[in-house]
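This briefing is written for a student who is meeting the structure for the first time. Please keep the sequence and the model in view while reading.

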Amino acid sequence: WRLLFHGPSGCGKSAAAAALATETKLPGFLVRFDSLIGAYLGQTALRLRELFSFAAQTPCVLLFDEVDALAKRRGSPMEVGELDRIVIAFMQELEHAHGDGFIIATSNLPKALDDALWRRFDLRVAFPKPIGKDLARFAGCRARDFGIRATPEMLAQCRRAASYAEAEQLVISEARRRVLMM
């Protein structure tokens, strides 16, 4: 399966990919773009081919987090031609990908992605910006995970958070504060 998760930062895209790996009991691998992008012409395409070959032979969850760094819209006069070739190579590999695992791409900037990229995914999932009650419910669950009781003040603060990631940081800060007070 090829999945594209898109939405604002901190809304759970990467966490959902990790949860999918856990639930399916497949190993999860994060593609590091600094290791993927080569300095020489054609090097990145070769590394992409090797990566997709690995995923075809090894059932796993392969995560291209922040894929917009790799698959921006082609044709920009500000970019060099090699970047367009990388996008094409990525789309070709994605199109012909097979295997028993999942290839997941995430993006905070879906409008920056190449138009032709979208059809290469079996499923495209929008992760909306969370609303206050969802953030408070999430914070209450995370507080229980840390063995603390969520106070009304903490939940009110979490309701105003911009994302699940920000709400989680508020819970972690409160858990740390309580540990230090012991």
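**Pairing in the central sheet**

Leu63 has Ile104 as its bridge partner in β4. That bridge belongs to the pairing of strand β3 (residues 61–64) with strand β4 (residues 102–107), which is parallel and has four bridges. The model described here is predicted. The points below begin with the sheet and then turn to the helices and the nonpolar cores.

**The sheet as a whole**

- The sheet is open and has five strands, which follow the order β2-β3-β4-β1-β5 with parallel pairing.
- Its edge strands are β2 (28–30) and β5 (123–126), each of which pairs on one side only.
- On average, neighbouring strands of this sheet are turned by 20° against each other, direction ignored.

**Strand β3 and its neighbours**

- Besides the pair formed by Leu63 and Ile104, Val61 stands opposite Phe102 in β4.
- Strands β2 and β3 pair in the parallel sense over three bridges, and Phe29 has Leu62 as its bridge partner in β3.

**Strand β1**

- Five of the five residues of β1 are buried, so this strand is largely enclosed by the rest of the structure.
- Both faces of β1 are covered, with Arg2, Leu4 and His6 buried on one side and Leu3 and Phe5 buried on the other.
- β1 pairs with β4 in the parallel sense over five bridges, and the bridge partner of His6 in β4 is Ser107.
- β1 also pairs with β5 in the parallel sense, over four bridges; here Leu4 has Arg124 as its bridge partner in β5.

**Helices against the sheet**

- Helix α1 (residues 13–24) lies across β1 (2–6), β2, β3 and β4, and runs at about 165° to β4.
- Helix α3 (residues 43–57) packs on the sheet, where it touches β2, β3 and β4, and its direction makes about 150° with that of β3.
- Leu46 lies in helix α3.
- Leu46 and Lys25 are 21 residues apart along the chain, and their C-alpha atoms are separated by 29 Å.

**The nonpolar cores**

- In soluble globular proteins, nonpolar side chains tend to be buried together.
- The largest nonpolar core of this model has 25 residues, and those with the most contacts inside it are Phe64, Val67, Leu70 and Phe90.
- Two or more residues of this core come from each of α2 (33–36), α3, β3, α4 (81–95) and β4.
- Helix α4 gives the most to this core, with six residues.
- Not counting residues up to four places away in sequence, Phe64 touches a set of residues that includes Val31, Phe33, Leu48, Phe52, Leu70, Phe90 and Ile104.
- A second, separate core has 13 residues, including Ala139, Met154, Leu155 and Ala161.

- Helix α5 (residues 132–145) has 14 residues and reaches 20 Å from its first C-alpha to its last, close to the 20 Å expected at 1.5 Å a residue.
- Which residues of α5 are buried? They are Leu135, Ala136, Ala139, Gly140 and Ala143.
- The buried residues of α5 pack against α6 (152–159) and α7 (164–181).
- On the other side of α5, Arg137, Arg144 and Asp145 are exposed.
- α5 is followed by Gly147, which has a positive phi, near 75°.

Notes:
Residues numbered from 1 in each chain as written. Predicted model: local features only at pLDDT ≥ 70, side-chain atom pairs only at ≥ 80, totals over all residues. Heavy atoms only, no water. Pairing = 2+ DSSP bridges. Axes fitted to C-alpha atoms, helices over the stretch in contact; angles between N-to-C directions. Contact = heavy atoms within 4.5 Å. Core = buried A, V, L, I, M, F, W, Y, C linked by side-chain atoms within 4.5 Å. Buried < 20%, exposed > 50% of the residue type's maximum accessible area, 1.4 Å probe, protein only. Expected span 1.5 Å × (residues − 1).
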